[in-house]
Amino acid sequence: MVQKAKILLVDDRPENLLALEAILSALDQTLVRASSGEEALKALLTDDFAVILLDVQMPGMDGFETAAHIKRRERTRDIPIIFLTAINHGPHHTFRGYAAGAVDYISKPFDPWVLRAKVSVFVDLYQKNTQLKEQAALLRLQLETGEEPAIGGALLGELSARLAAVEEQAEALTKQLDSSTDSAGAAATAAHLERKLVGLRRALDALRPGAN
């Protein structure tokens, strides 16, 4: 049974949070609300999240400042951040979002299907990464205690198949992004996905019998 991933929704307007929940409810994951940057940082102290949807324009600590704090923390620096903004100040404003560590920068109003598809990829990556970490930890424990490793070819094959499915989704999303007008966003998102997938594939290969 795959544990549900947590998705952090950060926006100071309740109606925007409600809209995001309506869009993402079909993913059947755990949606966590935060109405400010400070509240988001507090939530990140105790829970692990697959992806963060972060509004740029918020009173007090805005999205850029919130992202900067997230990226400075070792615990949270690798969590993907998707910026959401109701305004468009041009390339410089978009570049600032990517410089703050975002993997994507989406202007409102956005296509609900596209947003859901992007979030779904990061959720799948998170869940596969979690599964591989658990299997690697179990294998290390068994090796340390002298037990015969219980991770067989069938389980490795299942994990490999699941990862292959995510790789296909990522490839489809990358093609979709490449055809969009936001070339900078496409490049950033594709690069992040590629790094995550390469790391997962290496971790899975390391679990195979005879791997160095």
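User: In which sense do strands E1 and E2 pair, and over how many bridges?

Analyst: In this predicted model, strand E1, residues 6–10, pairs with E2 in the parallel sense, and five bridges connect them. Within that pairing, Lys 6 has Thr 30 in E2 as its bridge partner.

User: What sheet do the strands form, and in which order?

Analyst: The sheet is open and consists of five strands in the order E2-E1-E3-E4-E5, with parallel pairing. Strand E2 (30–34) and strand E5 (104–107) are the edge strands, each pairing on one side only. From one strand to the next, the twist averages 20°. As background, strands of a sheet pair through backbone hydrogen bonds, either parallel or antiparallel.

User: Which strands does helix H1 lie across?

Analyst: Helix H1, residues 14–24, lies across E1, E2, strand E3 (51–55) and strand E4 (81–85). Its direction runs at about 170° to E2. Helix H2, residues 37–46, also packs on the sheet, where H2 touches E1, E2 and E3. The direction of H2 makes about 165° with that of E1.

User: Let us turn to E4. How many of its residues are buried?

Analyst: Five of the five residues of E4 are buried, so the strand is largely enclosed by the rest of the structure.

User: Which residues are on each side of it?

Analyst: Ile 81, Phe 83 and Thr 85 are on one side of E4, while Ile 82 and Leu 84 are on the other.

User: What does E4 pair with?

Analyst: E3 and E4 pair in the parallel sense over four bridges, and Leu 53 has Ile 82 in E4 as its bridge partner. The chain passes from E3 through helix H3, residues 63–72, to E4 in a right-handed β-α-β crossover. E4 and E5 also run parallel, joined by four bridges. In that pairing, the bridge partner of Thr 85 is Ser 107 in E5.

User: A new topic: how do H2 and H3 pack?

Analyst: Their axes are 9 Å apart, and the helices pack at an angle of about 20°. Angles under 35 degrees count as roughly parallel, and H2 and H3 are therefore roughly parallel to each other. The crossing of H2 past H3 is right-handed.

User: Which residues meet there?

Analyst: From H2, the residues are Gly 37, Ala 40, Leu 41 and Leu 44. They meet Thr 66, His 69 and Ile 70 in H3.

User: What is the relative accessible area of Asp 28?

Analyst: The value is 46%, and Asp 28 is accordingly partly exposed.

User: Finally, how many helices and strands are in the protein chain?

Analyst: The protein chain has seven helices and five strands. Along the sequence, they follow the pattern β-α-β-α-β-α-β-α-β-α-α-α. The chain has 212 residues, of which 44% count as buried. Among its contacts between residues at least 6 apart in sequence, 67% join residues at least 24 apart.

Note on methods: Residues numbered from 1 in each chain as written. Predicted model: local features only at pLDDT ≥ 70, side-chain atom pairs only at ≥ 80, totals over all residues. Heavy atoms only, no water. Pairing = 2+ DSSP bridges. Helix = DSSP H or I, 4+ residues; strand = E, 2+ residues; numbered from the N terminus. Axes fitted to C-alpha atoms, helices over the stretch in contact; angles between N-to-C directions. Contact = heavy atoms within 4.5 Å. Buried < 20%, exposed > 50% of the residue type's maximum accessible area, 1.4 Å probe, protein only. Right-handed = clockwise from strand over helix to strand, strands pointing away. Parallel < 35°, antiparallel > 145°, perpendicular 65-115°, else oblique. Left-handed = near helix turned anticlockwise from the far one by under 90°.
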